[in-house]
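Hi everyone, and thanks for making time for this. I'd like to walk you through a structure that may be new to you, so please have a look at it with me.

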Amino acid sequence: MSARRVPIAVKLTAAIVTVMLAGMAIHASLTIQYQQELVRSQISEFGQLLGAQLAQAATAPLFTDQNHELAALVTRYAQNPRVLGAAVYDRDGKLVAGAGSYPDYERLPAAGKAREMMLPERDVPRTLVASLIVADEVSFRGAVAGTVGIALSQQALQHVRRQILIYSAIVTAILGAAFCAIAGWLARRLARPIHTLIAATAAVQQGRFREVVEKRNDEFGSLMDAINDMGQGLVRKGQVEELMRQLLDRDIADKLLANVEPVRMGGEKVRATVLFADIVGFTSLSEKMSPEEVNSFLNEYFSYLDICARFYFGTVDKFIGDAVMVLFGVPRSDPEHQYHALACALLMQRLIVRLNQQRAAQGLPCATLRIGLNTGDMLAGLIGSRMRMEYTVVGDAVNLASRLCNEAESGQIIIEQSVFEEVSQKHPLVVTDSWEVELRGKSAPMRVYAISGIAHQHPLVVDRLIDDVLQRGATG
């Protein structure tokens with residue numbers, strides 16, 4: 001059992017959405033990184049500005065040892081919501097004044113620089129928060145009195161990060177839904193000609209060619225034109241094959257079609273039986289009929305004779321004027337070809353009697369048959385010229401069957417002695433007459449037999465078979 005196939009529209013939708021979402025994710029990541037760097041730079045600039053202001057404000061109190069003013073100054077700075085804490089150190093690094101959360105002197109960055117550090121959150125014990133530390137020197141006319149340090153909260157940066165993430169998630173969800181809808185519509189539109197092509201090829205496989213009427217100026221259009229040409233060619237091929245099966249017997253047509261490449265004259269040696277059935281007195285009959293009536297007359301009789309042949313695995317090789325040539329054992333193998341040929345000949349004769357009764361009741365002309373058949377070695381294959389060939393059998397056994405047909409009287413079935421002896425071993429034959437005849441091409445007289453039946457055939461079975469033939473012939 002084959003795995004379930006995923007529609008190409010689903011695959012295209014998934015591919016388009018995946019590419020778009022991947023692009024959006026990359027864009028969002030770069031945007032978040034850029035915004036974080038921008039906010040970090042702004043916080044750093046803000047901290048350095050505060051540090052410079054604090055250093056300038058602490059210059060006089062620090063040089064004059066007014067520590068209470070320094071304490072009030074750092075307390076005021078620490079009250080800023082963006083500031084975790086502030087501190088003033090003397091030139092030896094000793095803390096002079098401090099408020100809030102601030103780093104030790106040893107952890108201060110160089111003047112004018114910034115450093116990220118985790119510090120205890122103000123008024124929340126045992127909680128560390130990310131901070132940005134800036135420092136600046138307290139100096140006057142080149143003399144350095146100490147250093148100030150300010151710890152800035154990075155909550156703003158985290159808040160910006162959260163806002164960007166929320167915004168990106170919302171935008172991604174909205175755009176993702178829109179992309180899915182657009183991608184689904186686009187994928188279905190792209191897959192539509194593929195479905196059209198699949199339907200067209202499925203129709204061709206089922207023998208129901210349906211032209212693709214959609215016109216496109218892309219690769220799909222070229223493929224549709226190719227499928228139209230292919231479908232028309234296949235329909236034409238099917239029509240030719242069907243016509244060939246009508247012009248030739250189906251078995252012969254199938255054999256030729258199965259070996260159409262290469263087409264060569266010649267054949268294979270086979271042992272088969274050939275039956276010739278000739279309409280007696282056709283020339284005088286045709287003089288009283290128009291060409292259309294002659295055509296209808298022959299078509300009706302030949303149709304019934306063809307059905308009789310098929311009942312016994314025979315193959316109509318050709319119609320020769322008012323005669324028919326039937327093969328048994330070729331091209332379809334049949335180990336009982338002699339018996340089937342005789343049974344077919346008897347069915348033909350009895351069928352003609354019944355058919356003539358129906359035609360006479362309608363005031364239509366009637367016909368009788370004479371039949372000759374023979375078994376022997378013959379060559380079966382394509383005979384003729386390179387410009388015109390036909391599948392048939394040739395050989396002395398075929399010629400003898402034709403001559404036996406010419407020797408038969410109206411309503412007779414004639415076979416020669418070797419065929420009679422071979423068939424009689426399994427199927428006792430009813431013989432109405434036997435005599436010797438000199439045939440053209442034969443150096444010695446030959447004994448022939450006129451056969452009127454097969455001993456074990458029940459008349460009721462034969463009558464039902466005739467009814468079946470007549471019914472099939474009536475329905476076409």
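Take Met20 as a try-out: its relative accessible area is 30%, so Met20 counts as partly exposed. You'll find Met20 in helix 1, which covers residues 8–57. Met20 and Ala183 are 163 residues apart along the chain, and their C-alpha atoms are separated by 9.6 Å.

Now the overview. Please keep in mind that this is a predicted model. The protein has 476 residues, and 40% of them count as buried. Its secondary structure consists of 12 helices and 13 strands. If we take the contacts between residues at least 6 apart in sequence, 62% of them join residues at least 24 apart.

Let's move to strand 7, residues 314–320, and stop at Lys318. Is Lys318 buried or exposed? Lys318 has a relative accessible area of 19%, and because the cut-off for buried is under 20%, Lys318 is buried. What does the side chain of Lys318 pair with? There is a polar contact of 2.9 Å between the side chains of Lys318 and Thr392. Setting aside neighbours within four places in sequence, Lys318 also touches other residues, including Ala323, Val324, Met325 and Glu390.

With a relative accessible area of 1%, Thr315 is buried. Between the C-alpha atoms of Thr315 and Gly329 there are 8.7 Å, and the two residues are 14 apart along the chain.

Next up is helix 11.

The axes of helix 9 and helix 11 are 10 Å apart, and the two helices pack at an angle of about 105 degrees. Angles of 65 to 115 degrees count as roughly perpendicular, so that is how helix 9 lies to helix 11. Helix 9 brings Gln338, Tyr339 and Leu342 to this contact, while helix 11 brings Val419, Glu422 and Val423. Sorted by class, the contact has 4 nonpolar, 1 polar and 1 charged residues.

To finish, a few backbone details. As a rule, most residues other than glycine have a negative phi, and most peptide bonds are trans. Where is there a cis peptide bond? Going from Val330 to Pro331, the bond is cis, with omega near -5 degrees. Pro331 lies in the loop between strand 8 and helix 9.

Asp65 has a positive phi of about 60 degrees, although it is not a glycine. Asp65 sits in the loop between helix 2 and helix 3, and is exposed at a relative accessible area of 59%. Arg141 has a positive phi too, near 55 degrees. Arg141 belongs to the loop between strand 4 and strand 5, and its relative accessible area of 79% makes it exposed.

Conventions: Residues are numbered from 1 along each chain as its sequence is written. This is a predicted model: local features need pLDDT of at least 70, side-chain atom pairs count only at pLDDT 80 or more; totals for chains, interfaces and linings use all residues. Side-chain values use heavy atoms; hydrogens and water are left out. Helices (H or I, at least four residues) and strands (E, at least two) are DSSP runs, numbered from the N terminus. Buried means under 20% relative accessible area, exposed over 50%, partly exposed in between (1.4 Å probe, protein chains only). A polar contact is a pair of N or O atoms within 3.5 Å; within protein, one must be able to donate a hydrogen and the other to accept it, and residues adjacent in sequence count only if both atoms are side-chain atoms. Contact means heavy atoms within 4.5 Å. Axes are lines fitted to C-alpha atoms, for helices over the stretch in contact, and angles run from 0 to 180 degrees between N-to-C directions. Angles under 35 degrees count as roughly parallel, over 145 as roughly antiparallel, 65 to 115 as roughly perpendicular and the rest as oblique. Ala, Val, Leu, Ile, Met, Phe, Trp, Tyr, Cys and Pro count as nonpolar, Asp, Glu, Lys and Arg as charged, and the others, Gly among them, as polar.
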